[in-house]
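Reader: Could you walk me through how to read burial, strand pairing and aromatic pairs in a model like this one?

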Amino acid sequence: MKNKYHYLLAISGIALLAGCSQNDKGSKESEKTITPDEIKSRIAVLANDSLLGRKPFTAGETKAVAYISSEFKKAGLEPGNNGSYLQDVPMVEITSQPSETMEISGGKSPITLHKLTDFVTFSRQEVDAVQLKNSPLVFAGYGVVAPEYHWNDYAGLDVKGKTVVVLVNDPGFKSGDPTIFKGDTMTYYGRWTYKFEEAARQGAAGVIIVHQTEPASYGWEVVSNSNSGAKLYLTQKDKHMSRCKVEGWITEDAAKKLFADAGITGDLRAIARSKSFKAVPLNRSVSLTINNKLKYSTSHNVIGTIKGSTSPGEYILYTAHWDHLGIGKPDAKGDSIYNGAVDNASGVAAIISVAKAFQQAKEKPKRSIVFLAVTAEEQGLLGSEYYATHPVYPLNKTIADLNMDALGSYGETKDIAITGKGQNDLEDYVADIAKQDGLTTVGDRHPGAGSYYRSDHFNFAKLGVPALDINNGSISKTQGASYGEDKQKEYNSQRYHQPADNYSTDMDATGMAQIADILYRIGTKLSNETTFPGWKPHSEFKAVRDKALAH
């Protein structure tokens, strides 16, 4: 696609920018400042083909970062990192090239799995090549060690030199029993990132996740698109040698073939969620070689600030990731640029509009406001992880993180969806504003997807900072519930992490402005308070925050 607005025109200031003066009331003062057209104009720039899908380490990053820095400056933000708008994020790019086939031996006859069709694999280890040679395969259930849930899939198991096969999500999903973990609501133990981390802690040589669409909440195409080609990681002193040699996924059909050959039939999830489950040696071995091409470079977070008038040493943080997937596998129309208009040019466009609203407000915030556009979210939340572990502003003085990611492109809704609803006090702020506006709040429509662990706010939450991610619900103000639901399904199936996530002049950004407005009003309220919002008593993040605030 060719967008109407070209990057070079936008960077010169020709992109459409809208803004009006405001009244004194915090509940409504952003209505004339945060406009759908303004958000769309910025999406048009960020999702233009000339930015090449905004992948870090590319010319697309250079253009995206320059544009965002320029917009921060236009909005009146001060450089947020010791006189610079940029925070360096050192990373390594590893282009893993697995062998064309994964060979499984030891059964009645060999099983050959084919790259991309049946499996995707990669390695984080910063070496030229890794190899699994006749590595014994072990079915380790969900691959979870969770003492608080009295669960240990690795109990009594030595996996050194072995490759573990594990299921996505956690034992509670579709168990019908809300006392198993959190029932259908995914915990962090269900995320693929955790599976890889735990297998490495256990000393496994390889870890392979069985993909199933329902518990993963996305199809195989998302897995293959996201995990083939070059991948980025934060640099580590040990060069990631503590990670498994091989990490990857296999399709459900490939897994069924493997398990049937090993004499295991039936519902794998039911087998693995049994409290009597113990890891099962498959008496099969896997062989695979991965060649790596390494490239070291530095990506960038973009940071702008508004200094608080009376409490400048306390901070409200707004986050959105600027990156997407770059250039990859062409779709049926031959489009190979993954522009990420919704995911997440929308969020970056929105935080720029929020920044402008703060600057135009008659009453300046008492606490400082920080706007952080982070890199490499699509590579595993890397930019936010780097900031959270190398904060420019202390986390124990950071009041909240308000995150925007993949805002709804189907108009305003009567309901506001709170990701991971039930976690912290910021949700009460959403509920109050929703009530003022005649709206309702809802939780995740698909709690098994583990959405709270899938965007940048999570890196702040796990270090104790109350973190909020909201989006449009499903009940369209003008078209009703079925319209919103259909639009969500259409996006997830046809555009999410696909070249079709493009900018269009027909895009409805009124819902994006609605979310930006709500988060602006929350930030305004927080910036003029003296208290700190906290975590709900049952939240797994409460103890971390309590400890941080004690110092």
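Reader: Why is helix α10 (residues 382–389) described as largely enclosed by the rest of the structure?
Author: A word on the source before we start: this is a predicted model. Buried means under 20% relative accessible area. In α10, 6 of the 8 residues are buried, so the helix is largely enclosed by the rest of the structure. Those buried residues are Leu382, Gly383, Ser384, Tyr386, Tyr387 and Ala388.

Reader: What do the buried residues of α10 pack against?
Author: Their partners are β2, β11, β13 (280–306), β17 (367–374) and α12 (457–461).

Reader: Let's take β11 from that list. How do I read burial in a strand?
Author: In a regular strand, side chains alternate between the two faces of the sheet.

Reader: Which strand pairs with β11, and in which sense?
Author: Strand β2 (residues 86–98) does, in the antiparallel sense and over 5 bridges. One of the places to look is Thr95, whose bridge partner in β11 is Ala230.

Reader: Now the aromatic rings. How many aromatic pairs are there?
Author: Rings pair if their centres lie within 6.5 Å, and the count comes to 24 aromatic pairs. Take Tyr188 and Phe458: they form a tilted pair, 4.9 Å centre to centre with 35 degrees between the planes. Tyr188 lies in the loop between β9 and α4 and Phe458 in helix α12, so the pair ties together parts 270 residues apart in sequence. Both Tyr188 and Phe458 are buried.

Reader: What makes the pair of Tyr318 and Phe371 stacked?
Author: Planes under 30 degrees apart count as stacked. The planes of Tyr318 and Phe371 are at 10 degrees, with ring centres 5.3 Å apart, so this pair is stacked. Tyr318 lies in strand β14 (residues 311–321) and Phe371 in strand β17, so the pair ties together parts 53 residues apart in sequence. Tyr318 is buried, as is Phe371.

Reader: Which residues form one aromatic cluster?
Author: Tyr188 and Phe458 come back here: the cluster includes them along with Tyr149, Trp151, Phe181 and Trp535.

Definitions and conventions. Residues numbered from 1 in each chain as written. Predicted model: local features only at pLDDT ≥ 70, side-chain atom pairs only at ≥ 80, totals over all residues. Heavy atoms only, no water. Pairing = 2+ DSSP bridges. Helix = DSSP H or I, 4+ residues; strand = E, 2+ residues; numbered from the N terminus. Buried < 20%, exposed > 50% of the residue type's maximum accessible area, 1.4 Å probe, protein only. Contact = heavy atoms within 4.5 Å. Phe/Tyr/Trp six-rings, centres within 6.5 Å; stacked < 30°, edge-to-face > 60°.
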